[in-house]
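Please read this report with the model open beside you.

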Number of protein chains: 2
Amino acid sequence: MPELRKNHITTGWNIIASERGKRPNDYRRQPDKKEESDCPFCEGHEQETPLEVFALRAEGSQPNKPGWRVRVVPNKFPALSLEGKAVLKQEGLFNWIPGVGRHEVVVDTPRHDGFINKLSDEELKDVLVTLKLRILDAQKDPGLKYVQIFKNYGPEAGASRIHPHTQLIALPVVPQTIRDELLTAYEYFQETEHCLFCDTIQQEKEKKLRIVSENDAFICFAPFSSRVPFELHILPVSHYANYEHTDEEELFSLAQILKSTITTLKKVLKDPPYNLLIHTAPHCAVAKIDPKVACNCYHWHIEILPVLTRIAGFELGTGMFINPTPPEIAAKYLRESNENSTI
Amino acid sequence: MPELRKNHITTGWNIIASERGKRPNDYRRQPDKKEESDCPFCEGHEQETPLEVFALRAEGSQPNKPGWRVRVVPNKFPALSLEGKAVLKQEGLFNWIPGVGRHEVVVDTPRHDGFINKLSDEELKDVLVTLKLRILDAQKDPGLKYVQIFKNYGPEAGASRIHPHTQLIALPVVPQTIRDELLTAYEYFQETEHCLFCDTIQQEKEKKLRIVSENDAFICFAPFSSRVPFELHILPVSHYANYEHTDEEELFSLAQILKSTITTLKKVLKDPPYNLLIHTAPHCAVAKIDPKVACNCYHWHIEILPVLTRIAGFELGTGMFINPTPPEIAAKYLRESNENSTI
C-alpha cells in the first residue's frame, strides 16, 4: 500500500509509492526508450490498457473498443491505490496517511501523433471537457481533497510514452503549493476584497510587457517571477475559482488559446519538452478557509513550464529557481511568433 | 543586473539572471558535452578562471599559480552580481531586489578525477574547512542574508564540468525552504523546549529502521518522508545550528562519514548523479526569530539527493514528490554495502 508521508520539518507531503517498490537495480540508467511499435494508447489496442473508466465515443460504439475520441484508463503503475481508507496515523514525530486516491491516464486522441498543435479546436475541447468531468467524478468521493491534472510532454519532461496523454492524480490531502497559493490569495482578499489573480491580470493588461496573447475569455502571459525560461500562465479573464465549473463555450476558447500557445512555443523553442498543470480551488476547507470563501479569492489557471534548464542543488536547497531569460524577453519572442497576438 | 523577484502568490523568491540573457536559440538541446581536454579547474590552468578569492595552498606558493589544495574562484557566469545595493523595489503587486550577492566555485582538488570517494579524509576535510571559511567571509557583508552551499555531481544533476567542484551562492534574502524549516523548528521549540532535529535523531536511533551509518559526531539516515529514492541526510549528533561554527576535529569526522556515504551510494546505485546541499541557520532575523533564538532551534545538516527519477508536472504542480523506494528499503541496501555501518 502506498503512503502519504508528512515531512515534519517542511510540513509538506510526499508519496512513498512502495507498491512500485523499486530496488537499486531498477534505476540503472538506460538511454530514453524509443516508442515500441505496439502503442497501447492507439485506437485498436484498447485491450492492452486497464479497463476504461470513461470515454467520449461515437454513439453505438462499445467500451474498450475503437470508436472513442478521448479515453480515460487507470494508470497501470498507479502512485495511489483505489482501495483503503485515508486515515491519519502517527508515531512519535511522524505522520502518514495510507496512499488512497486515483491515478488516471487521459488519452487525448486515438492518433499516435495527435499532439496539441495537431488537434482541431473541437478535438482539444473534448480533452478539456473530459478533464472537467473526471475532476467532478473524483469530487464525489469525500475522501479525496484535491485533483491535480498534469501533462508531461517529451522524455526530458518525464513522459514515458509519446502518444499524447494527460494525467490525473486525486489526493487525500491538499498539496502544499495549492495551500500556499490559497492562503496568500485569502489574505489579499481579506485586505482588499479583490481577487489577487484578477488584479494581476489587470496589472499585466496595463503594462503589456509580459502578455503573449488574449482572446474573448482567456489571457496568456509570462509571470513576473517566472521560475523557468518561457514559463507561461493561462487564466480566465473573468473570475472563476474552479476549472471544473467552466462551461463548454469557455472550454472552446481555452482550447483555442492553448493550441496557439503550444504551437508558438514549438516554433520559437524548436519543440521543447514541457510540463503543463492545472491549479483549481480545493473543494474542501483548507486551514480556516471554507470552499465558499475560496471561491471568492482563488482563480483557476494553467501553468506551462518548458524544460530548458535543470532543477539542481541550488533549487532543491532553497526552493528558488535561477531563470536566465527574463519573462519580458520571453513574452516578446513569443508575441512576435504568435499569429493571434493582438499586443 | 540580475534581479530577485518575489512570486506574489507563493511568496517565494526566484532569480532572474538577466545578464546571462539567454535567447531561444541558446537553449537548443545538445547532447551532454564531453569534457574538453583543457580543463580550467586542473592544476596548471589557473589563468583560465577568474582570479582566485581564496585558496588553501603550499607555503610559499603564489596566488593563481600551482601549489593549491582547494581553490575558490568567482563563477564565470554568476547568477548574482557583486556590485550594487540590495534595496527592495515595488511596482503595484510586484516586489524585486537587485540581484546582489556572491556566486563562487570551490574547486575541491587539483586532480581532475578527485571525486569524493577518491579523496583522503584529510583532503576532503580541506574542502569542508574551505566551505566554512567562505561562509564566514560572506557573512561579513551585512547585505547578504544566507549562504547556500551545493554540489551537482554528474550532468543529469546539473553539473556542467566533470572536475570536482562545489558552489556557493550568497543571497540578499533568506530562501523560502530555510524560512519554512526554521519556522517549524521554532514553533516546536516554543512548545517543547527541544530541538526538532535532535528529537528526530533520537527517534531514528530508537527505531534503527532508516539509519545508514554513524560515527562519533555524525549520523546518516534516509529521512522518513524522503522526496527521492535513496535521499540521505547527515546531521551532527550534538546540537549545532550553524555549519560554519563546526570545528576542525568535527569536520574531520564529517569528511569520514561523507566519504563513506558517497562511496556506498556509488557502489549500490552504480555511480548515480546526485545533488548535495548544506542547510545552516541564517545569520539574520527571519520573521520574528532572532538569530540567537534560531541557534537553539535550528540544527545544520547535509542533504544528498540522488537523481534517479524526474521532477515533472505533478511535482511542479503540487510541491509533492512521488518516491518509488521507501527510505527503510533504501537504508537497508545502503547499510548492507557500507563497511562502516554499525547498525
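This is a predicted model: local features need pLDDT of at least 70, side-chain atom pairs count only at pLDDT 80 or more; totals for chains, interfaces and linings use all residues.

Residues are numbered from 1 along each chain as its sequence is written, while chains are lettered from A and ligands numbered from 1 in the order in which they are written.

## The sheets

Helices (H or I, at least four residues) and strands (E, at least two) are DSSP runs, numbered from the N terminus. Two strands pair if DSSP finds at least two bridges between them. Strands of a sheet pair through backbone hydrogen bonds, either parallel or antiparallel.

Start with chain A. Its open sheet has 10 strands in the order β3-β4-β7-β9-β8-β13-β14-β12-β11-β10, with antiparallel pairing. The edges are β3 (54-57) and β10 (211-214) of chain A, and each pairs on one side only. Neighbouring strands of this sheet are turned by 15° against each other on average, direction ignored. Angles like this run from 0 to 180 degrees between N-to-C directions, and axes are lines fitted to C-alpha atoms, for helices over the stretch in contact.

Now chain B. An open sheet of 10 strands in chain B has the order β3-β4-β7-β9-β8-β13-β14-β12-β11-β10, with antiparallel pairing. Strands β3 (54-57) and β10 (211-214) of chain B each have a single partner strand, so one side of each is left without a neighbour in the sheet. The twist averages 15° from one strand to the next. Helix α1 (residues 121-139) of chain B packs on this sheet, touching β3, β4 (68-74), β7 (102-107), β8 and β9 of chain B. The direction of α1(B) makes about 35° with that of β4(B).

| Strand pair | Sense and bridges | Bridge partners |
|---|---|---|
| β8 (146-153) and β9 (165-171) of chain B | antiparallel, five bridges | B:Ile149 and B:Leu168 |
| β8 (146-153) and β13 (274-279) of chain A | antiparallel, five bridges | A:Ile149 and A:Ile278 |

## The helices

How far apart are the end C-alpha atoms of α1(B)? The expected span of a helix is 1.5 Å times one less than its number of residues. The 19 residues of α1(B) should therefore span 27 Å, and its end C-alpha atoms are 27 Å apart, which agrees. Helix α4 (residues 248-269) of chain B has 22 residues and should span 32 Å; its end C-alpha atoms are 31 Å apart, which agrees.

A residue is buried if 20 or more other C-beta atoms lie within 10 Å of its own, exposed if 12 or fewer, and partly exposed in between; C-beta atoms are placed from the backbone. The buried residues of α1(B) include B:Leu124, B:Val127, B:Leu128 and B:Ile135. The buried residues of α1(B) pack against β3, β4, β7, β8, β9 and α4 of chain B.

In chain A, look at A:Ala255 in helix α4. With 23 C-beta neighbours inside 10 Å, A:Ala255 counts as buried. A:Asp121 is 134 residues away along the chain, yet the C-alpha atoms of A:Ala255 and A:Asp121 are separated by 5.6 Å. Two residues are in contact if their C-beta atoms, placed from the backbone, lie within 7 Å. Leaving aside neighbours within four places in sequence, A:Ala255 is in contact with A:Asp121, A:Leu124, A:Lys125 and A:Leu128.

Helix α4 (residues 248-269) of chain A also packs with α7 (residues 327-337) of chain A, at about 105° and with axes 9 Å apart. That makes the two helices roughly perpendicular (65 to 115 degrees; under 35 is roughly parallel, over 145 roughly antiparallel, the rest oblique). The contact uses A:Thr264, A:Lys267 and A:Val268 of α4(A) and A:Tyr333, A:Leu334 and A:Ser337 of α7(A).

## Between the chains

70 residues of chain B are in contact with 70 residues of chain A. Helix α2 (residues 176-192) gives the most to chain B's side, with six residues. By class, that side has 34 nonpolar, 24 polar and 12 charged residues. Nonpolar means Ala, Val, Leu, Ile, Met, Phe, Trp, Tyr, Cys and Pro; charged means Asp, Glu, Lys and Arg; the others, Gly among them, are polar.

## Positive phi angles

Most residues other than glycine have a negative phi, and most peptide bonds are trans. A:Thr11 has a positive phi near 70°, in the loop between β1 (3-6) and β2 (13-16) of chain A. With 15 C-beta neighbours inside 10 Å, A:Thr11 counts as partly exposed. Phi of B:Phe230 is near 65°, and B:Phe230 is buried, with 28 other C-beta atoms within 10 Å. Just after α4(B), B:Lys270 takes a positive phi of about 55°.
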